[in-house]
Amino acid sequence: MDQDSLFTKLNAFKIETPSWGYADTGTRFGKFIQPAAAKTIEEKIEDAAEVQRVTGACPSMAVHVQWDFPDGCDPSQIAKNASERGIRIGAINPNFFQDQIYKFGSVCSPWPDARTHADLHMERCLDVAAQTGSKTLSLWFADGTNYPGQDDLIGRKRLLQESLRRWHGQLEMDMTMLVEYKPFEPAFYHTDIADWGMAYTFAKHAGPQAKVLVDTGHHFQGVNIEHIVAFLLDEGMLGGFHFNDRKYADDDLTLGSIDPYAIFRIFLAIRMAEERHGLDTSKIEYMIDQSHNLKPKVEAMIQTVATAQELFAKACLVDLDDLTSSQIAADIVEAETCLKSAFFTDVSDVLRNWRNTHGLAPNPIAAHRSSDYMSRISVERSARRAESGQSGESSYA
Ligand code: PSV
Ligand code: MN
């Protein structure tokens with residue numbers, strides 16, 4: 001691919017960062033507080049704007065309604081303030097897992113009150129979407145059971161199906177509903193949407209605006225994610241990604257920190273779908289879903305975006321003509337070499353040039369580090385916490 005075509009592709013490659021990735025997060029064993037970690041949505045937007053400043057690729061931020069929009073806040077004002085900082089409110093994520101009433105699930109719970117509670121929360125989420133101008137409703141359910149026999153699997157499936165169909169009916173015509181799957185955690189025996197096939201089926205039952213969301217960390221060891229991606233694309237059912245990496249399970253590790261080749265292959269699958277098969281890949285929503293327990297949060301986000309761009313650019317370098325001829329000739333070694341040589345090509349100069357054409361600093365992490373952003377917000381935020389008597393802890397656990 002020539003440099004102009006690659007630059008055009010990079011221009012269109014936008015990545016949404018998650019509000020929760022800027023907050024203090026931890027594990028069930030504890031949480032390590034960073035004085036600069038964002039707590040309010042205003043602080044998260046400020047961080048998202050810093051990521052956008054140095055990457056030029058992250059104009060929107062996904063939000064988690066329960067953590068980001070406290071009762072009494074004005075979502076339209078929040079969106080307005082965000083846009084003044086160059087950030088759009090992206091995917092709206094409801095929270096169907098944190099409240100005590102969700103002990104046995106949300107929409108799948110045997111408790112009617114839990115299901116009603118979820119419905120009311122969805123009403124609020126749709127209102128936040130309308131007020132912030134968001135066009136994406138991103139759904140993940142922690143629903144599941146912990147023990148064989150705990151509940152009726154078909155009964156729960158039908159409850160979920162009905163809720164999704166009802167909510168789909170409440171969407172504006174230009175909205176997309178994303179349905180995310182995850183094999184386990186917090187449920188350890190069965191999860192109501194455990195894999196892509198279930199997410200696909202639920203999305204199909206819900207209606208035409210529903211698509212599947214692939215969270216790269218939500219697969220068992222060794223699952224071929226690019227195959228899932230290719231399959232969903234061909235079915236017109238791939239809605240978007242939650243990017244992160246994993247070593248064991250849903251580890252929230254930085255994208256590409258464990259298996260960059262896997263992410264490269266996902267980007268290649270998307271490119272093949274588009275360039276070889278003429279499929280529309282322009283609506284895929286690329287989002288990061290990482291919480292950073294140990295790394296400085298803004299820096300971790302910038303590193304993730306830079307890695308995504310690097311692996312995306314490498315996938316663009318695969319010579320598709322060569323690959324096609326090798327595949328037709330069943331020359332497996334040469335076909336694999338097409339992938340490997342692109343993957344091992346150093347694209348740092350190309351990315352530096354691309355950044356240069358956009359007036360961006362050549363190295364986004366260096367640009368962030370050499371600014372006074374971290375020292376400034378550490379001071380400001382610590383002072384703000386001290387003034388309001390808050391601890392540094394965020395509501396996200
Ligand atoms: C669940 O593990 C998940 O991947 C969902 O996307 C949530 O919205 C997000 O993480 C944050 O908890
Ligand atoms: Mn996710």
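This is a predicted model: local features need pLDDT of at least 70, side-chain atom pairs count only at pLDDT 80 or more; totals for chains, interfaces and linings use all residues.
Residues are numbered from 1 along each chain as its sequence is written, chains are lettered from A and ligands numbered from 1 in the order in which they are written, and side-chain values use heavy atoms, with hydrogens and water left out.

**View 1. The manganese ion (ligand 2) and its protein donors.** Glu180 (OE), Asp215 (OD), His242 (ND1) and Asp289 (OD) coordinate the manganese ion (ligand 2) at 2.1 to 2.2 Å. Donors here are N, O and S atoms within 2.8 Å of the metal (3.2 Å for Na, K and Ca); water is not among the atoms, so sites may look incomplete. Along the chain, the donors are spaced as E-x34-D-x26-H-x46-D. Two of them come from distant parts of the chain: aspartate 215 sits in strand β10 (residues 210-215) and aspartate 289 in the loop between β12 (285-288) and α10 (297-316), 74 residues apart. Helices (H or I, at least four residues) and strands (E, at least two) are DSSP runs, numbered from the N terminus. Aspartate 215 is buried at 0% relative accessible area, and aspartate 289 is buried too, at 13%. Buried means under 20% relative accessible area, exposed over 50%, and partly exposed in between (1.4 Å probe, protein chains only).

**View 2. Glutamate 275 and arginine 271 in a salt bridge.** Their closest N and O atoms are 2.9 Å apart. Back to the opening question: the two residues are four apart in helix α9 (residues 260-275), so about one helical turn separates them. Glutamate 275 is partly exposed at 36%, whereas arginine 271 is buried at 7%. A salt bridge is a side-chain nitrogen of Lys or Arg within 4 Å of a carboxyl oxygen of Asp or Glu; by this rule the count comes to 25.

**View 3. Lysine 182 with glutamate 185.** These side chains meet in a salt bridge at 2.8 Å, N to O. Lysine 182 is buried at 6%, while glutamate 185 is partly exposed at 35%.

**View 4. Lysine 283 with aspartate 280.** The closest N and O atoms of this salt bridge lie 3.2 Å apart. Lysine 283 is exposed at 62%, and aspartate 280 is exposed at 52%. Elsewhere, salt bridges that share partners join Glu43, Glu46, Asp47, Arg376, Glu380, Arg381, Arg384 and Arg385 into one network.
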